[in-house]
Amino acid sequence: MRVVFLGPPGSGKGTQAKIAGKRLGLPSFSTGDMLRKAVQAGTPLGRQTRDVMAKGELVPDETVLALIREAAASAEARSGFLLDGFPRTLPQAEGLEKMLSERGQALDAVLNLVVPDEKLVSRLVSRGEGRADDRPETVRERLRVYREKTEPLTGFYQRRGLLVSVDGVGEIPEVAERIARALGPARQGVA
Ligand code: AMP
């Protein structure tokens, strides 16, 4: 099973992708986590992307596509994977589709976590993870980038009949339960 988790920053999609991954026995790949690790480790990739990330902007499509290509080809991804924070632009979504079709694979569902703006900013700022991009002005920029570049993906996936929208407001276990129910049909569709 291959599922994309879509949702604005602060919607809880990272947490929910991890929970769903455990339940389904699938790895969840987060381009944000991969990039933060590269920044911490001071690799060339980390040095290239640090400033862009700190501003709340997007790193180049080819950079994240390469990360996902590698993750999708790994042994742990054999029976599928969940993607958290990727794709974030139309070229990334098209790149993912092409990459999967070359491997004879396709997405089973795109889980769209819906949370209104007013809940997002306060959640992000109070998240307290000490992330460099959780400052209020950066949070606003990340939301703006999300609306402009990432939200159009809902239409892209709707047209492919893959979009499943779930209300992301509520306690973590409650939302996890909604997601489990929403992914049920997609799961049965997999041989
Ligand atoms: P996240 O943890 O998913 O919120 O990602 C943190 C930051 O990493 C983002 O604000 C971007 O700067 C960068 N990033 C993560 N995933 C992507 C992606 N798919 N495309 C471009 N930039 C990304």
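A polar contact here is a pair of N or O atoms within 3.5 Å; within protein, one of the two must be able to donate a hydrogen and the other to accept it, and residues adjacent in sequence count only if both atoms are side-chain atoms. With that in mind, look at Arg36: a polar atom of its side chain lies 3.0 Å from an oxygen atom of the ligand. Before we go on, please note that this is a predicted model, in which local features need pLDDT of at least 70 and side-chain atom pairs count only at pLDDT 80 or more, while totals for chains, interfaces and linings use all residues. Residues are numbered from 1 along each chain as its sequence is written, and side-chain values use heavy atoms, with hydrogens and water left out.

Let us stay with the ligand. Thr31 places a polar side-chain atom 2.8 Å from a ligand nitrogen atom, and an N or O atom in the side chain of Gln92 is 2.9 Å from a nitrogen atom of the ligand. Taken alone, the ligand exposes 480 Å², and the protein buries 97% of that; such areas come from the Shrake-Rupley method with a 1.4 Å probe, and for residues only the protein chains shown count as cover.

Around the ligand sit 16 residues, and the closest are Thr31, Arg36, Glu57, Gly85 and Gln92; a residue is near a molecule or strand if one of its heavy atoms lies within 4 Å of it. By class, this shell has six nonpolar, four polar and six charged residues. Nonpolar covers Ala, Val, Leu, Ile, Met, Phe, Trp, Tyr, Cys and Pro, charged covers Asp, Glu, Lys and Arg, and the others, Gly among them, are polar. Helix H2 (residues 31-41) gives the most to the shell, with four residues. Helices (H or I, at least four residues) and strands (E, at least two) are DSSP runs, numbered from the N terminus.

Now turn to the strands, where two strands pair if DSSP finds at least two bridges between them. Strand S3 runs parallel to S2 (residues 28-30), joined by three bridges, and Ser28 has Leu82 as its bridge partner in S3. S3 also pairs in the parallel sense with S1 (residues 2-6), over four bridges. Phe5 has Asp84 as its bridge partner in S3 and Leu111 as its partner in S4. S1 and S4 pair in the parallel sense over four bridges, and S4 pairs with S5 (residues 163-167), again parallel, over five bridges.

Thr89 is buried, at 7% relative accessible area. Leaving out residues up to four places away in sequence, Thr89 touches Leu58, Asp61, Lys149 and Leu153, where contact means heavy atoms within 4.5 Å.

Val145, in helix H7 (residues 136-150), is also buried, at 6% relative accessibility. Val145 and Glu57 are 88 residues apart in sequence, yet 6.9 Å apart in space, C-alpha to C-alpha. By contrast, Glu177 in helix H9 (residues 172-188) is partly exposed, with a relative accessible area of 43%.

Conventions. Buried means under 20% relative accessible area, exposed over 50%, partly exposed in between (1.4 Å probe, protein chains only).
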